[in-house]
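Visitor: Let's walk through this one together. Where do we start?

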Amino acid sequence: MSPYLSEFLALATIHFLAVLAPGPDFAVTVRQSVRFGRLIGLCTALGIGAGISVHVLYTLLGIGALMHATPWLLGVAKVVGGAYILWLGFNLIRSKPTAAPLDDSQWQQADLQRQSPGKAFLTGFLTNATNPKATLFFLAIFTTVVSGSTPLTVQGLYGLWMCAVNAGWFALVSLLFSSPRVRQTFLRLGHWFERTMGLVLVFFAGRLLLSAL
């Protein structure tokens with residue numbers, strides 16, 4: 001691994017800075033954590049980390065380069081990803097006020113009834129896996145930073161590292177926004193907070209769909 005240390009450090013730095021930039025993953029993680037609590041937020045974060053594996057896999061298989069060389073195929077990916085994020089956004093915008101249980105145990109029981117850990121994981125997974133901006137990012141980083149002579153096994157380790165970093169970062173975001181004090185503050189805003197998150201997602205979806213035209 002030592003011959004590829006400088007390459008790895010460059011890739012890891014660029015990827016980490018990209019992860020810090022707010023986007024659909026951040027908006028969904030915050031919403032899930034505030035609305036449904038810590039467990040659901042963490043499951044969403046794990047789903048986002050797993051979603052990265054999709055981009056890593058098709059990049060290593062050369063499908064990412066094929067999509068880049070075939071404009072209509074990349075356009076389809078943008079439309080599909082944008083449509084999914086748009087659907088998430090509109091669902092949040094339609095959020096209505098709900099009566100909240102006052103007891104913490106009641107909150108936790110109600111949360112699990114409305115959103116299962118499996119569904120939360122799938123939400124995070126699809127949010128990341130269908131994001132065509134991630135496609136472009138991985139294509140760019142694996143063609144400019146990673147040498148063509150780097151073995152696929154090493155590139156695969158790069159991918160695992162990025163999956164772990166994404167999951168870890170959004171797990172921290174989840175822990176922050178699901179802490180009792182922060183969560184109660186946001187819950188006072190109720191449906192207005194969800195509508196704001198919905199508008200953020202619609203904004204990102206709109207940018208993706210416009211870029212596909």
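Guide: With angles: those under 35 degrees count as roughly parallel, over 145 as roughly antiparallel, 65 to 115 as roughly perpendicular, and the rest as oblique. What you see is a predicted model, where local features need pLDDT of at least 70, side-chain atom pairs count only at pLDDT 80 or more, and totals for chains, interfaces and linings use all residues. Residues are numbered from 1 along each chain as its sequence is written, and side-chain values use heavy atoms, with hydrogens and water left out.

Visitor: OK, what are α3 and α7 to each other?

Guide: Helices are DSSP runs (H or I, at least four residues) numbered from the N terminus, and axes are lines fitted to C-alpha atoms over the stretch in contact, with angles from 0 to 180 degrees between N-to-C directions. The axes of α3 and α7 (residues 117–129) come within 6 Å and cross at roughly 40 degrees. The two helices are therefore oblique.

Visitor: How many charged residues sit in the contact of α3 with α7?

Guide: Contact means heavy atoms within 4.5 Å. Residues of α3 including Leu39, Cys43 and His55 meet residues of α7, among them Phe121, Phe125 and Asn128. Ala, Val, Leu, Ile, Met, Phe, Trp, Tyr, Cys and Pro count as nonpolar, Asp, Glu, Lys and Arg as charged, and the others, Gly among them, as polar. By class, the α3–α7 contact has 13 nonpolar and six polar residues, and the number of charged ones is none.

Visitor: And α3 with α9: roughly parallel or roughly antiparallel?

Guide: The axes of α3 (residues 38–60) and α9 (residues 152–177) come within 8 Å and cross at roughly 160 degrees. That makes the pair roughly antiparallel.

Visitor: How many nonpolar residues are in the contact of α3 with α9?

Guide: The α3 side includes Arg38, Gly41 and Leu42, and the α9 side includes Gly156, Gly159 and Met162. Eight polar residues and one charged residue take part, and the nonpolar count is 14.

Visitor: α2 also packs against α9, so to speak; is that crossing left-handed or right-handed?

Guide: Helix α2 (residues 24–36) and α9 pack at about 40 degrees, with their axes 8 Å apart. Asp25 and Phe26 are among the α2 residues that meet α9, where Asn166, Phe170 and Ser174 are among the partners. A crossing is left-handed if the near helix is turned anticlockwise from the far one by less than a right angle, and right-handed if clockwise. For α2 and α9 it is right-handed.

Visitor: What kind of aromatic pair do Phe8 and Trp161 form?

Guide: Rings of Phe, Tyr and Trp (its six-membered ring) pair if their centres lie within 6.5 Å; planes under 30 degrees apart are stacked, over 60 edge-to-face, and the rest tilted. Phe8 lies in α1 (residues 5–20) and Trp161 in α9, so the pair ties together parts 153 residues apart in sequence. The ring centres are 5.4 Å apart and the planes are at 75 degrees, so the pair is edge-to-face.
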